[in-house]
Structure formats: structure tokens, C-alpha cells
Amino acid sequence: MAEVIIDNVVKTYGSTIAVNHVSLTVNDNEFVTLLGPSGCGKTTTLNMTAGLIEITSGIIRIGGKVVNDLDPKDRDIAMVFQNYALYPHKTVYQNLEFPLRMRGIDKAERDQRVRNAAEILNISMLLDRKPRQLSGGQQQRVALGRAMVRNPAVFLMDEPLSNLDAKLRVHMRSELKHLQLRLGATVIYVTHDQLEAMTMSDKIAVMSQGKVQQYGTPTDVFHHPANTFVASFIGSPPMNLINASVVHENGQYGLKNSNLHYIPQSARVQAVLARAPSQDVVVGIRHTAMPLALNGHAKENTIMGEIYTVEPTGDTTFVHIKLGDQHVISSTPDASYMARTGDAIALKLDEDHLHIFDAESTTSLIH
Amino acid sequence: MTSIPIQVNPAAILKPKKRRTLLKTTLIYVGLMLFALFAALPMVWMVSTAIKPRTAVFQEPTNIIPNNPTMDNFIRVTQPLTPSGRYFGTYFLNSTIVSVASAALSVVVAAPAAYAFSRFRFPGKGAAYFAVLARNMFPLIVFLIPLFTLMTSLRLTNTYGGLILAYLTFTLPLSIWLLKGFFDGIPPELERAARIDGCTRFGAFFRIILPLTTPGLAATAIYSFVQAWNEFPYALNLAFSTNMRTLPVGMTFFFSENSSDWTGLMATAVIISVPVVIIFMFLQRYFVSALTQGAVKA
């Protein structure tokens, strides 16, 4: 296993910039996810690491060696593709054996390694089948097996779970993580599914428009989003973002828009507002930090809105609320909560979990 | 409240629809039968004439099934010792050499070309692909004079090479188009996986992509073979010496040399058709899938 250093890498197609000065360090035995919407440059970054796409500028190192000009086959990597890319005319055994055969490994050792990988992945009984005779989950395992047999320095995975049905995906998620720990593998994993990224990764690189927006642990990107993009991309439902202006009245800073007038009580938020570079800010708050202020609770220092829809999901009920022309989501653990569209509702704000972003640069003002 | 049983006569509901379907089906079948007759009648006539004695050809009334069927015509046109069969072996050999070589070269050249059109981005790609397809917009005969001039100045008239080159001008464009359809249908991840697993780009093409394209390669080869096998005007003008003629050209000499030997002509026509029919019978499945794939995905 080895570390991967992606240093200031750029990829352009004509005048289009697909990947814009991306730098990432993936440590040995680390599971790193490139997360972002389609077209954000995550797959391009992965393919450049694999050597399938030439880089325009920058340096990629695998295990300390610059690999910019090496063919994919000479980079000591293995890749798992979204559509598995199993060779349809070869049996499972031949699929698993192919990378070993290409490297001139002798027959006895090939056989031993193929059977070993098949054992680990529980596909020993499928070795004589052709890929089209397998279910999606089985094909997925064969694809993993073909990557494993070589003991590569790095595993590259391009949305390997997105072709599986929802239930199997959850199952394979834990298996994949378990396998990574067991093999002590370095993994670079590409997905647009933030839940996959959160559950499996040691670190997440959130990407958008060819740039890394934030690179950190799952906890980090969830609790300390660097900008509004990360805030809205991580978490389900996404973080509520409310446009507001900073006002200064009676020696206190407050947040104001056409439907909102809120004076934060915490010294932390007051300090943040005091150093806001402009008065236009975006307030970020997750649904859990903005509970409903139901009957019997103090109505002081709440914000008022009206019910849009109520979505019971079993253990949590999500409540969509209109704050003037803005739309936010709150939640309540009360599974029997009911409300009518148009009802007035008060929301409390947990100021310890309040995020303030600069409206123009979208970066977080909390450090 | 008493419930009134609702009586429905299924026939009353089904009848109008059924009748319409039946009428439609009948019309479709009648139409198809007319087409089948249109296509099959010349063939039937050909076989019928081929097994008639020479004297029975113009007998009236015409019998589709001859009174005294005979294999004499086949023997006459293939026997080296008879005047009309003297060159049959040579013509047959020429046709085989030219057609097999055209088919083989078409596949060998078209496969990498089609792969490049399917996978790579390169300057002038659109124009080049259009140029390949544009060839099919013109009838063969349009290119005959330029080809003749070219072959004459290259001293390639009356050679296998010249005729094969001329045949490649029409077999290659369609082969490239057919095979591109096949390559487009293969996910590029397969060769990416192969390159990561240890293949070079060429190795991935050779070990993974080509084996998956076998039906396409077979269809392309058949198509090219049949085109070359049946071709007449180029063969007539580019390979005109007696020992270089192909079967379709050789057939025409049943008119001049033997004052319209219809039975000999038809017997030869039957013999020429046999390889094509056999090839189609075995490989038509590939051929149909190749044509439809190319059509949808090109």
C-alpha cells in the first residue's frame, strides 16, 4: 500500500476547465472519498490518478514516485468501475486471473491468488460462470476481486455501488469498509452520494466546479462546513440557508430580513457577526438545530413561519416551513406530529450550531 | 336491494376488434406474400431453366417444373473439356481469390479504423467519417472511369491486386460503418479496465474488444465477400483478359460464344449463388444483428 499525492493538478478541455488546481494527500491505508455533484471533476481527478486521462499540469505521486508519464498498467493501481466492466466473454475465474496473467505470474500462484480472493469475497461457487449469469451484487464482488488479486498500491473506485439496489447498497457499503480495513488498503473512492461518503470515509474531499471545496474528516465537513456549497451538499435534508443582513442596534448585532428579526444571545455568534466583512450574510442551520417551539415552550427569541408540508418518515417527522419567500426544513422526533398547511409555527434556534457565511464569497465566517 | 346480474356477451365486445385484427393480418400476409413472390420468382425461374434440356427452354406452355429435368447443363458448364466449361475453374478461382481477399482486407483495415472513429478524438474526425460515408451516396459506376485510369497508370489492370483495391473502395466504407456501430456498443470502461489490468492500448483492443466484436467481424466479412462475389462492372473493365475474368463476367460469354445459351447461363448462375446462400444460411443471425446495431448506434 502507498500514499497518493495529487499536487496542483489541472485538466482542461479546450477552454473548459474540468479540474482546477486540485491538491490532495491521501495517506497510506486511508479511505478518501471525492464527493460532489456530476460534472464537478471528481471522476476526471480519479481517471487522471489512474492514468486513463492525461493531466494538463501538476504532479501526481503514488508511493513517492511521480507517475505523470506512466501507463495505467505501470502505476500499481486497481480500479473498480460503476458498471463493473467485467470482461463478458471470460468466466469469473478468467476475469480474476486476467490481471495476474498480464503480469506474467505463474499458473500455480495465479490459481492460489484467484481462489483466495474468491474465498474472501464469497464467490468461490461462481468461478465457472460468465458475468451475465450473475446478479448485480455478485458482479460487484467479482469486480472487487479482480482489483484485489494483484495487491495494488492503491484502489480507485468510481461509484462502485450506484448500480445496486438501495438495500444491497447499504449492505455492500459495510462490506467494502470492512474489506478495506482487513486489507489495509489505500482507497480513493468517487461518489455523488453524501451518505456513502459519510459512512465509509476517513476523509472527504467535497468538490464542485473542478475545485476542492473542503477536505476533511466526515465530522469536519458535516459540523464545520467551509462554505455554503459544502453546507448544502452534506447532510440529508441539506442545511437550511437563510439570506439575512447584519444589523447593529442597542449595542448588539442582529440578523434581519423581510420576515426575520433575530438577536443572537450567544457571545460566539455576536463575535462572528461583529467581524463580518459585509452586512450581507447567509445563516446556516441544520434541521436538528432548529426545532419546533411547540405549545408550552417559551416563545421568546423564536422565529416565526408558516407550515408548508409535514413529512412523517417513521422516527423523525420533517416539517417544511415557509419563512416569507424562503423555505426551510425543521424536524421533530414526535412521530404523531400533525399540522395544517398555512398554520403559524415558531422555531427555536440552537445558537451553538448556527453557521454564518459571507454572502458574497460564500465562505464560513466561523473559524 | 336486489342486484341485477350484468350479462356481458364476450363475443359482442371482442368481435369488432377481432375482425379488424383479422382483416389487418390478412392484408399484411397478402402483401408479404406478394413481396416474397416478387423476390423468389426469378430464383425459381433460374433453377427451373437450369435443369431443363436446352430444347425445352422456349417450349410453350412454359413449365415451371420441367418434364424431363436434367443435370446436363451443370456438367456442361463446369467440365473443362467442353467449350463452355473450359474456363469455369479459372473463373471460379479468380472470383474466390478476389472475394476472399477483399473480405479479409476489409475486416483487417476497417476494424482499427472503426475503432479510432468510435473511441478517439482527433482533428478532422468529423470530415473523415463523412468522407467514408459519402462514398455510399454514389453508384459504383460513377467511379469506374477514374478507377480505370488509375489502375491503368499503376499497371494494375488484369491483376488480382487491382480488382481487390477497386472492391475495397466500396466494401471498406460500409465495413467501417458497421464495425463502428459495434464498437460504440461496447462500454469504454472495458478497455480502461484492461489497461489498468496490464494491457497496452493496443493489447486492450486485441485481447478484449476484438473478441467481443466477433459477430460484427463475421458480418462485415460476409457482407464484403458477397459484394465482391457479385460485382460485375469493375470486374468487366479492370480484369478483362480471359484468364483474369471472374464468374459474373464469365457468365456473359454464354451470349456471344454460344448464341444465347440460356440453360448454361442459368446453371452457372445457380452455381454462383450457392456459396452466397450457404454463407447466409449459417451466418444471417450475425448479419441482421450487425445491421440493426449499426443503424441504431451509429
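Before we go on, a word on the model: it is predicted, so local features need pLDDT of at least 70 and side-chain atom pairs count only at pLDDT 80 or more, while totals for chains, interfaces and linings use all residues. Residues are numbered from 1 along each chain as its sequence is written, and chains are lettered from A and ligands numbered from 1 in the order in which they are written. Helices (H or I, at least four residues) and strands (E, at least two) are DSSP runs, numbered from the N terminus.

**Helices of chain B**

H3(B) has a kink of about 30° at Ala110(B), shortly before the proline Pro112(B). The bend at a residue is the angle between axes fitted to the seven residues ending there and the seven starting there.

Helix H9 (residues 214-230) of chain B packs with H3(B) and with helix H6 (residues 160-184) of chain B. Axes are lines fitted to C-alpha atoms, for helices over the stretch in contact, and angles run from 0 to 180 degrees between N-to-C directions.

| Helix pair | Crossing angle | Axis distance |
|---|---|---|
| H6(B) and H9(B) | roughly 160° | within 10 Å |
| H3(B) and H9(B) | roughly 140° | within 8 Å |
| H3(A) and H4(A) | about 140° | 9 Å |

Angles under 35 degrees count as roughly parallel, over 145 as roughly antiparallel, 65 to 115 as roughly perpendicular and the rest as oblique. H6(B) passes H9(B) in a right-handed crossing; a crossing is left-handed if the near helix is turned anticlockwise from the far one by less than a right angle, and right-handed if clockwise. Residues in this contact include Tyr167(B) and Phe170(B) of H6(B), and Thr220(B) and Ser224(B) of H9(B). Two residues are in contact if their C-beta atoms, placed from the backbone, lie within 7 Å. The contact holds nine nonpolar, six polar and no charged residues. In these classes, Ala, Val, Leu, Ile, Met, Phe, Trp, Tyr, Cys and Pro count as nonpolar, Asp, Glu, Lys and Arg as charged, and the others, Gly among them, as polar.

The crossing of H3(B) with H9(B) is at roughly 140°, which makes H3(B) oblique to H9(B). This crossing is right-handed too. Thr220(B) and Ser224(B) of H9(B) take part here, and Ala110(B) is one of the residues from H3(B). By class, this contact has 11 nonpolar, six polar and no charged residues.

In chain A, H3(A) and H4(A) pack at about 140°, an angle that makes H3(A) oblique to H4(A). Their crossing is right-handed. Ala117(A), Ala118(A) and Leu121(A) of H3(A) meet Arg141(A), Leu144(A), Gly145(A) and Met148(A) of H4(A). In the loop between these helices lies Asn122(A), a residue with a positive phi of about 65° although it is not a glycine. Elsewhere in chain A, a cis peptide bond joins Ser236(A) and Pro237(A), with omega about -5°.

Between the chains, 18 residues of chain A are in contact with 14 residues of chain B. Strand S6 (77-80) and helix H2 (92-102) are the elements giving two or more residues to chain A's side.
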